[in-house]
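Look at the sequence and the structure below, and keep both in view while reading. The paragraphs that follow take up packed helices, then some details of the backbone, and then the ligand.

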Amino acid sequence: MVSASRAEIRGPSAEVRLSQRLRGHRDPLVYNPAPLTAGGLRLKTVAEFAIQYCQFLDPEGNLAADAPPSARDVPELLRMYRTMTLVRVFDAKAVNLQRTGKLGTYASCLGHEATHIAVGAAMLPEDVVAPVYREYGTQLWRGVKMSEILLYWGGDEAGSNFSVPRQDFAWCVPIGSQMLHGAGVAMAMKIRGERRCSVTYVGDGGTSEGSFYEAINLAGARQLPAVFVIVNNRWAISVPIESQTAAKTLAQKAIAGGVTGIQVDGNDVIAVRHIVSEALAKARGGGGPTVIEALTYRLSDHTTSDDASRYRSADEVKTAWQQEPLLRLRKYLVKLGAWDDAREVALKAECAREVEAAVDTYLSAARPSTDAMFDNMFAKLPKSLREQREIARHYAAEPKL
Ligand SMILES: Cc1ncc(C[n+]2csc(CCOP(=O)(O)OP(=O)(O)O)c2C)c(N)n1
Ligand SMILES: [Mg+2]
């Protein structure tokens, strides 16, 4: 249910009472100056807010009474469950490929499946995603191939050249930088008068970056058709959310930019899909941007180069597993009579076959030329990089990862 403090977020539209005294000059915004308080200062109520929180499906698979009709669309729920399972099987396989020397560093998406698939399901094909580096669920839903994801993490530029969807952005490892891509493309959509939206991912750690605020500011000021999804998985490598920010929610970071911020249970695929759909409909209709904070947990190490057991307790991870997204959707589907053990076994086998086929495609791909590293950076490569390209060509005979 949509709950917590039900009050609207009134930050952006709140009455602005700027005192002449504080501003020091006459300002057209100044009206209704507040009375003087002690010390000769005036009190100004600039913003009052509460953050809405949405959950429809609890960890036991119980559905809230006020759930939207999409919560009873069984074929669509099954499609989402199937893709969530596929991503989980793919994810485990990718980690194993890295462990056996067949893939470079890999960023797991374990635990994020509901958020990622729900976002994909809420979007239209013509919208554009600006991802970070672990949102495979959204990408697979939109048509990116598993073999392309593997190529990318295997160090092949061709992996970023998605066959579908052509206009989605590639992965963005410099934290927060994709926020500017997402805001920028939404600006282009608005200027061109297109009824399309951008959806930009950012992690909890990413919300501390300057580019996060720059993007929100632009989106608010220009009322861009943009949705920003903060995936709060409680960790930024080894930095816990408590050390990351003093803000009580990440959604409230939207308010200073005049943008609505809302929280959703990121392990509840029904809630995420509903909230993102509403935000996209609003944006498409000219209603401006939304920031959505999806509350979830990174069940895996940060990447295959990390060992999370060094900085977080086994108890914390165990508790998080009880909240995980596949389990609750499965419980709900069983209650609906739409799922059982036999179907679960068959689905897992089908997903494993699909993943194996993608791995075969990846492993049999031609080794990329070292030139590929330089190909897409400049229209005309500077002299220093031309020299580096020459040097790199000498490594062409090295064996593949
Ligand atoms: C600008 C920048 N600074 C630091 C890093 C190193 N780095 C890689 S991932 C990461 C943590 C990101 O955490 P978060 O935004 O919460 O995303 P998550 O990995 O949890 O999905 C950091 C600091 C980077 N890639 N880019
Ligand atoms: Mg994080």
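A crossing of two helices is called right-handed if the near helix is turned clockwise from the far one by less than a right angle, and left-handed if it is turned anticlockwise. The model shown here is predicted. Two packed helices are described by the angle between their axes and by the distance between those axes.

Begin with helix α3, residues 113–122, and helix α9, residues 269–284. Their axes lie 8 Å apart, and the packing angle is about 40 degrees. On the α3 side the contact is made by Ala114, Thr115, Ile117, Ala118, Val119, Ala121 and Ala122. These meet Val269, Val272, Arg273, Val276, Ser277 and Leu280 in α9. Sorted by class, the contact of α3 with α9 holds 10 nonpolar residues, 2 polar and 1 charged.

Now turn to helix α2, which runs over residues 74–99 and has 26 residues. From its first C-alpha to its last, α2 reaches 38 Å, close to the 38 Å expected at 1.5 Å a residue. Just after α2 comes Gly101, with a positive phi of about 80 degrees.

What does α2 pack against? One partner is helix α12, residues 341–363, whose axis comes within 9 Å of the axis of α2. The two axes cross at roughly 50 degrees, which makes α2 oblique to α12. The crossing of α2 and α12 is right-handed. Among the α2 residues in this contact are Arg82, Leu86, Phe90 and Leu97, and those they meet in α12 include Leu347, Cys351, Val355 and Val359. By class, the contact between α2 and α12 has 9 nonpolar, 1 polar and 4 charged residues.

Another partner of α2 is helix α11, residues 325–335. Here the axes come within 11 Å and cross at roughly 145 degrees. This crossing of α2 and α11 is left-handed. Leu77, Tyr81, Met84, Thr85 and Arg88 in α2 meet Pro325, Leu326, Leu329, Arg330 and Leu333 in α11. The contact of α2 with α11 divides into 7 nonpolar, 1 polar and 2 charged residues.

The loops also deserve a look. Most residues other than glycine have a negative phi, and most peptide bonds are trans. Where is a positive phi found at a residue that is not a glycine? Gln223 has one, of about 50 degrees, and this residue lies in the loop between α7 (210–221) and β5 (226–232). A cis peptide bond runs from Val164 to Pro165, with omega near -10 degrees. Pro165 belongs to the loop between α5 (146–153) and α6 (177–192).

Last comes the ligand. How many residues surround ligand 1? There are 16, and the closest are Ile175, Gly203, Gly205, Gly206 and Ala236. Of the residues in this shell, 8 are nonpolar, 5 are polar and 3 are charged.

Notes
Residues numbered from 1 in each chain as written. Chains lettered and ligands numbered in written order. Predicted model: local features only at pLDDT ≥ 70, side-chain atom pairs only at ≥ 80, totals over all residues. Near = placed C-beta within 6 Å. Nonpolar A, V, L, I, M, F, W, Y, C, P; charged D, E, K, R; others polar. Helix = DSSP H or I, 4+ residues; strand = E, 2+ residues; numbered from the N terminus. Expected span 1.5 Å × (residues − 1). Axes fitted to C-alpha atoms, helices over the stretch in contact; angles between N-to-C directions. Contact = placed C-beta atoms within 7 Å. Parallel < 35°, antiparallel > 145°, perpendicular 65-115°, else oblique.
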